[in-house]
Amino acid sequence: MIARDAEITDLKPEVWRNLLSLIDLSKAADVRPRNPNLLSIMHHGGKVLRMYAPAGFRVPAIEQIDDPQELAKKLYYQLPGLECVQILERDSLLLFSDRAQRSEWISGDLEDFLNQAYRLAEQDPAGLSIYPAFAWKWNGFSLDRIRTWFGSGPDPCAYFLGVIRDNAPWLTLILRVSEKKIRLITTIDYLARFGVSVAGLPSGPKDLASVCEAIHAHVAPIRAALICDYLMLAKLLASEDKRRELTLAMADGTVSSFGIAD
Amino acid sequence: MAIRVESNGLYLDGRSIPLYSGAVHYWRHAPDAWKTILERIKALGFEIVSFPVPWGVHESGPGIFDFGQKNPQKGLPNFLDLCREVGLLVIVRPGPIVDEDMPYGGFPLRVIRNPAVWALTSTGSPAVSSRFQPPTAMPSYASEKLIQETAKFLDQLMPILTPRQFPDGPIILCEINKETAFMGRTRAYDVDYSSESVALYRRFLGEKYGSIEALNAVYGTKYTAVSEIVPPKNCDAVVQRDLPWYLDWVEYKEHLVRRFLRRLADMFRERGVTVPLAVDGPETFTTPVDAQEIQKNLETPLVGMEIDPRPAEYPALARQVRYLTGTSRLPFVSRFGCGGSWLAPQVNSPAELEFAVLCSVMHGMSAVDFHMLAEGDRWVGSPVLRSGEYRTEYADLFRRLSAWFAQHRIWESKKNCRTLVLISRQLERYHAAFSTLNQAYLGLLRIPYVFSEVPSSLGFPVEPYLQSIREEGSWIREACRYLESAQVEYNLAGSNLMLDELVKYDMIFAPTADFMDPAEQQKLLDFAGRGGHLVFGPVLPTLDDRLNPASVFGAAIQVPGTQARDSGKVTFLPAFEQAKDLITPDMPNVVLIDNPNLRLTIRGGASILVFLANPTSSPQRSLMISSWPLRGVWNAPAETQAGSVMAELTPLTVQVWEVLK
């Protein structure tokens, strides 16, 4: 999603810290659960070599594995609370590492590389038996949905997120997308170089129009924008029905958005 | 005019200047902003700037170079001349590996895409580094093609650099490569299995053993030539006799790092570099990096270390700086993270950066290069913006630090430290050798750490693997904990430190295994013989490093306890529960505190400064008892206080007090 030569600039440290608290960018393409509740078993030709169970899970003694895929599934349902069960054949691990580094897609961008690596792991279900299967999600959105959404706008186009906390801008993020790749990652400070007065901007949902106008003029036509309060954003991200939550918030004026609700 | 590296910085032009610098990446800034940026950096209190020269930026086509002739932003000669005009000295980093978040690690694509320069994994695949963006096969330190291509680049670059060396120009230091440690892929059986590397490995074995018969005697094998030997690709050791094969491979990788650096150093010298050379070391201080051997090999004390400060991880930071201080007479942090890459999980606030810098100073840092002072693209949190304007709160911190360092002549002072903890090279090699599943990309699958451990059953009474500094609960980690709880400051260094360095300390803690180099044992006994106190444990060695029966320590002491040895003493200490009276009143501190959560060190020089750090996440207070009056000089009350002082520290802060002696 992020072009390898993307311009990443004018990142205000405190704003960037706030963004990182929302999403750990360094792991953005990492499809594995961060949760430590991961049961791992390594075997060689069916003979169990090592097993690692997270604390609090009583795993039955296993010496021999005949059907790793079935066993992974069985253990997952047998031990509620586990995020994932992986049963890994030793030689398949070596093969995975080897094939990952020989692949043609190796020189793609980092996100492509990681995603392709996980796809590669899925191609050896008997050797690398993982249940449930990889599924990267961020606050309920799948990676594929996010990519599709980012890639569906006009070319080029821009996205804006502004979050207000204690009546001051807590987070601003501007993205410019072209040819389905993010080409610019920046904050509202970027606009200062064009003579836009950015101090204290945005101060609330009411600033949506002026911010969008400036971005349109100096970055790209706006595809989607959202300005909301910090607590509202947290509520929105946690909500099961984000569309409904957003509609309600827009109606009562706590959020202003453009191109999001659809 | 020769520039000398001294313990307080660099001596040039009849004066000593501190090695206190920061990076600015000229090619990332518009040329019309260069002068403003340099002036702003100087106004923050810096006399030196540093920058890499990325090969890939300047090679615009095969063999075609642009140093500003076409694109002024690549105008290296102009930038160097501007540095001089502004009054800044320069540390230049010609690579060839620069990384710096550059596409392909800073290499021209034609070079890095050439299989002849690739490092290979144990399965024969290219070793792809995901630290390069985009992920790219990393270069092999054994590749002759890489050396040949680097020579062509240097042939173009050096005519620009060499006429601009001090005193004719601003360049005072030339740093070789970046972080020469396999791009972080330091595990034993991951890389490098390229044919050229394997050939060097065989040559290394030949030189180490002298004859195939000698090697066979150690390995228990029947090779007829070293060309028959293949390197291990995984640890499958079953008996003690298997060990040397694995340990030699680990040792070879140290040799490979040194050899590569030596070749680069020679290439620089052959092309007219006369200023001192420096090495940018990685964050690690165990195999495959051995700073002491690199210093000897390159004849420079400036083997630095990168530190990416994470204030919440104070113990790791303290350990790194203690190692630097124990290893080099000019402890040089060659890249001290100032701000962070946009991908970094954390961007330090000015307060966090202040804590990390002061902690590094309190544990011995005496030279530093901040990375980066001027914010390039893809970077967050530098004191100078791309426009040349200041990022106020960060700039204020550097302005304060620079002024304070100058006022107290910090770089001329030295940490008071009479205790050394040695890191056993053999134990660390053993730890590296006893591993499996070293392949880099297995991390993607969240392989638990324990899966890469090999259950050792070689019959040693004390398991060597568990005695590595990497292992919690090891003897060396307990030694460090014991000293810290007693508020005794210490340094760390590799066990190959020379005797004339050892005798600068009063007390040395040395971890042992059942096997240990007899010469190393003798050296430590000599230290005791010269009046030092040697403490070793957890075991009395009974074998030499080739596993033949031998024990030098055994002749001096056979049972746990302390024995006098000439004017010194030797203590055999199996466990620290028995370490009651090791720290004796003959090791006093100028200042004592009563809170074990705080850390205290003292730097002596033009003035005596007491550093008191609160590395915890909660407020702490402590009574400070001093024989002399104290006055706060950083974050502490400035009025003079005599006798005992109550210090109160907020989380992750450092106070500094001057002793008015």
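How far apart are the centres of domain 1 of chain A and domain 2 of chain A, taken over C-alpha atoms? They are separated by 37 Å. This is a predicted model, in which local features need pLDDT of at least 70, side-chain atom pairs count only at pLDDT 80 or more, and totals for chains, interfaces and linings use all residues. Residues are numbered from 1 along each chain as its sequence is written, and chains are lettered from A and ligands numbered from 1 in the order in which they are written.

**View 1. The domains of chain A.** Domain 1 covers 2-27 + 144-258. Domain 2 covers 38-135. These bounds come from an automatic or database domain assignment.

**View 2. The side of chain A that touches chain B.** Here 38 residues of chain A are in contact with 33 residues of chain B (C-beta atoms, placed from the backbone, within 7 Å). Elements giving two or more residues to this side of chain A include strand S1 (2-8), helix H1 (13-22) and helix H4 (110-122). H3(A) gives the largest share, eight residues. Helices (H or I, at least four residues) and strands (E, at least two) are DSSP runs, numbered from the N terminus. By class, this side of chain A has 20 nonpolar, eight polar and 10 charged residues. Ala, Val, Leu, Ile, Met, Phe, Trp, Tyr, Cys and Pro count as nonpolar, Asp, Glu, Lys and Arg as charged, and the others, Gly among them, as polar.

**View 3. Helix H8 of chain B.** H8(B) runs over residues 243-270. Its end C-alpha atoms are 40 Å apart, which agrees with the 40 Å that its 28 residues should span at 1.5 Å a residue (1.5 Å times one less than the number of residues). Of these 28 residues, 22 are buried. A residue is buried if 20 or more other C-beta atoms, placed from the backbone, lie within 10 Å of its own. Just after H8(B), B:Gly272 has a positive phi of about 100 degrees.

**View 4. Strand S21 of chain B and its partners.** S21(B) spans residues 507-511, and five of its five residues are buried. On one side lie B:Met507, B:Phe509 and B:Pro511; on the other, B:Ile508 and B:Ala510. S19(B) runs parallel to S21(B), joined by three bridges. B:Leu420 is opposite B:Ile508. S22(B) also runs parallel to S21(B), through five bridges. There, B:Pro511 has B:Gly537 as its bridge partner. Strands pair if DSSP finds at least two bridges between them.

Note on methods: Two residues are in contact if their C-beta atoms, placed from the backbone, lie within 7 Å. A residue is buried if 20 or more other C-beta atoms lie within 10 Å of its own, exposed if 12 or fewer, and partly exposed in between; C-beta atoms are placed from the backbone.
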